[in-house]
Amino acid sequence: MRVVVPFAAETPKTRLESVLTSAERSAVARAMLADVLCAVVGAGHEPMVVSTAPLDLETLELPGEVLTSASVTLDERSLTDAVNARLPGGEGETAADGIDPVAVVMADLALATPDALEALLATSADVAIAPGRGGGTNALVVRHPDFVVDYHGTSYLDHREIALEVGATLETVDSFRLATDIDEPADLVEVLVHGREGARAPTCLREFGFELADRDGRVDVSRDGDHGAA
């Protein structure tokens, strides 16, 4: 099974600009990517990062096994077009080649673990989807050659409909860790609470001065020195 990890290398995580500078957002995005790659390799697969700009994996300071297992390819197209080109019915795929299943795992799943990914990758349906909390599609496995993605809007519902239209069997994987993508400042709480021991993303946030805070009985994040974002 091929595992594709799309990555927006140039302007990542713009919705975090109220709490992180541009350079900090880039650092956090790369830390989350590193954690996702470690989880994919831990699940026994070799991830391919599909990056919108040149990316040197050595700058991610990955463990040796992960660095040798991962690869990068450049694709400046939109997320939807870049992913569709790599699905079983995409560019360069023919029936004579056989249908090689493709998994797509988003690069901001900072809580992903090998076990959580394996639960998705081990499914047998033509299309298996791990939805995000807001109705997006955080990860999926595609075995059907006629299935295509469309990441606009509520993509989870759109992908269910597309699967039904092409006659694909469908399975939804209910996973807290795969449902939690990091887009908004409030999402940083999840990284600090549930991030794996030694993972890069929570370490990066703590190095930037973020810590958990109790605000009127609710868990939030605060930052040493109350830094503003540029």
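Is Lys 13 buried or exposed at 17% relative accessibility? Lys 13 counts as buried, because its relative accessibility of 17% lies in the class defined as under 20% relative accessible area, with exposed defined as over 50% and partly exposed in between (1.4 Å probe, protein chains only). The structure is a predicted model, in which local features need pLDDT of at least 70 and side-chain atom pairs count only at pLDDT 80 or more, while totals for chains, interfaces and linings use all residues. Residues are numbered from 1 along each chain as its sequence is written, and side-chain values use heavy atoms, with hydrogens and water left out.

Lys 13 is placed in the loop between strand 1 and helix 1; helices (H or I, at least four residues) and strands (E, at least two) are DSSP runs, numbered from the N terminus. The phi angle of Lys 13 is near 55°, a positive value in a residue other than glycine. Helix 1 comprises 21 residues (residues 22–42) and should span 30 Å at 1.5 Å a residue, in agreement with the 30 Å between its end C-alpha atoms; the expected span is 1.5 Å times one less than the number of residues. Just after helix 1, Gly 44 adopts a positive phi of about 95°.

Strand 1 (residues 2–7) pairs with strand 2 in the parallel sense over five bridges, where pairing requires that DSSP find at least two bridges between two strands. Within strand 2, Ser 51 stands opposite Phe 7. The β-α-β crossover from strand 1 through helix 1 to strand 2 is right-handed, that is, the path from the first strand over the helix to the second runs clockwise with the strands pointing away from the viewer. Strand 2 (residues 47–51) is mostly covered, four of its five residues being buried. Strand 2 also runs parallel to strand 3 (residues 71–74), to which four bridges join it; Met 48 has Ser 71 of strand 3 as its bridge partner.

Strand 8 (residues 210–215) contains Leu 212, which is partly exposed with a relative accessible area of 40%. Together with Val 193 and Val 219, Leu 212 makes a nonpolar surface patch of about 250 Å². Asp 216 is found in the loop between strand 8 and strand 9 (218–223). Asp 216 is exposed, with a relative accessible area of 84%, and its phi is near 55°, a positive value in a residue other than glycine.

Methods
Patch = residues over 30% accessible without salt bridge, like charges linked within 9 Å, V, L, I, M, F, W, Y side chains within 5 Å. Areas by Shrake-Rupley, 256 points an atom, 1.4 Å probe, with all protein chains shown as cover. Salt bridge = Lys/Arg side-chain N within 4 Å of Asp/Glu carboxyl O.
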